[in-house]
Amino acid sequence: MTAAVSFPPQPRNPVRPDEAKEPGTGSSERDYVIAAQKGSDSAFAALVRMHHRRAYAVARAIVLSHEDAEDAVQEGFLHAYRALERFRSDQPFGAWLNRIVANAALDLVRRRKVRDADELPETVALPFRDPGEADELRRRLAEALTHLSDRQRSVIVLHDVEGYTHGEIGQMLGIPEGTARSDLHHARAALRRLLKNVRSDS
Amino acid sequence: MSDHLKLHPTDGGDERRDDEIVRGLRRLYAAPTGDDYWRGLEARILSRLTTPTIAWWDELDRWMRPALAAAAVVLLAAGVAVVRAHQVQHDVAYESILAPTPHPVETAVRPVLQEPREATFRYLMTSR
């Protein structure tokens, strides 16, 4: 789907799009939301530009591959576009959009599960791996992640990689904050256990 | 490059291990960089909005609510009709048991011709 894409580390807490303004314009997110609700496609395009990176990160934390994350992001924006008139513009658009994208990603995971149920059990999908990066530690971590439940994996990635709080994660995944906290705890414990034999010189 | 992922199980506690795991996770889940990629994704999102391919499940999803509401109304109407019909049937049956028969059946008994005189008369009539 995409060629020649590099994946270097991201800063832990990038600027939240909710607070951002479109570069080169004085318009705020709320202005764009209101204009988009009145039918302005260019305003919605500005919202896409402001939020698609964050939406990708949310989707990527939930699905197992880069390609699925792209699909979930597109699906999420499509749902948001169709439901835009029901959105209350006094709410943060980013949080609303992220919930929609998270739901699209969860749907995708469910559909993949049903589809993969008939396939061989050895074909466990691993998170995206850069073909040039084949070191043992990375492989072991990717493999260890497949032993977590979908929700635990999503929670640990959303928290530790994307910097979301337990409450935000709970809202996105439709679970109580305490459950997100507990999932994070269990995911960390599981990864520690699964990687205990991995040595730094391996 | 791989030093981000090195784990040290023997010389540190859980916190250090967690830090190392987090660094590894960030490498695995890092978003693509390069403005070209993001411009491309943005273009794909927007083209999907402007020319949406309406899949059958999308169409189904759109009609789901009205269809469910219509089905609920039909079911309710059918339920009311069935209950009413049953009630009417029950009332008729109940009344038919209790109410007196309007026209009692009168049984007509045919007289048996046994008299010898009548037998003779019949013989005469049939022998012609």
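In which helix of chain A is the place of Arg30(A)? Arg30(A) lies in helix H1 (residues 29–37) of chain A. This is a predicted model, in which local features need pLDDT of at least 70, side-chain atom pairs count only at pLDDT 80 or more, and totals for chains, interfaces and linings use all residues. Residues are numbered from 1 along each chain as its sequence is written, while chains are lettered from A and ligands numbered from 1 in the order in which they are written.

**View 1. Arg30(A) in helix H1 of chain A.** Helices are DSSP runs of H or I with at least four residues, and strands are runs of E with at least two, numbered from the N terminus. Arg30(A) is partly exposed, with 14 other C-beta atoms within 10 Å. A residue is buried with 20 or more other C-beta atoms within 10 Å of its own, exposed with 12 or fewer, and partly exposed in between, with C-beta atoms placed from the backbone. The C-alpha atoms of Arg30(A) and Leu47(A) are separated by 9.6 Å, and the two residues are 17 apart along the chain.

**View 2. Helix H2 of chain A against helix H2 of chain B.** The axes of H2(A) (residues 41–62) and H2(B) (residues 35–50) come within 10 Å and cross at roughly 130 degrees. Axes are lines fitted to C-alpha atoms, for helices over the stretch in contact, and angles run from 0 to 180 degrees between N-to-C directions. The two helices are therefore oblique to each other (under 35 degrees is roughly parallel, over 145 roughly antiparallel, 65 to 115 roughly perpendicular, and the rest oblique). On the H2(A) side the contact (C-beta atoms, placed from the backbone, within 7 Å) is made by Ala45(A), Val48(A), Arg49(A), His52(A) and Arg53(A). H2(B) contributes Trp38(B), Leu41(B), Glu42(B), Ile45(B) and Leu46(B).

**View 3. Helices H3 and H4 of chain A.** H3(A) (residues 66–83) and H4(A) (residues 93–116) pack at an angle of about 130 degrees, with their axes 8 Å apart. H3(A) and H4(A) are therefore oblique to each other. Among the contact residues are Ala72(A) and Gly76(A) of H3(A), and Val101(A) and Ala104(A) of H4(A).

**View 4. Helix H6 of chain A.** H6(A) (residues 150–161) has 12 residues. Of these, 10 are buried, so H6(A) is largely enclosed by the rest of the structure. The buried residues include Val155(A), Ile156(A) and His159(A). Just after H6(A), Gly163(A) takes a positive phi of about 80 degrees.

How values were computed:
The expected span of a helix is 1.5 Å times one less than its number of residues. Two residues are in contact if their C-beta atoms, placed from the backbone, lie within 7 Å.
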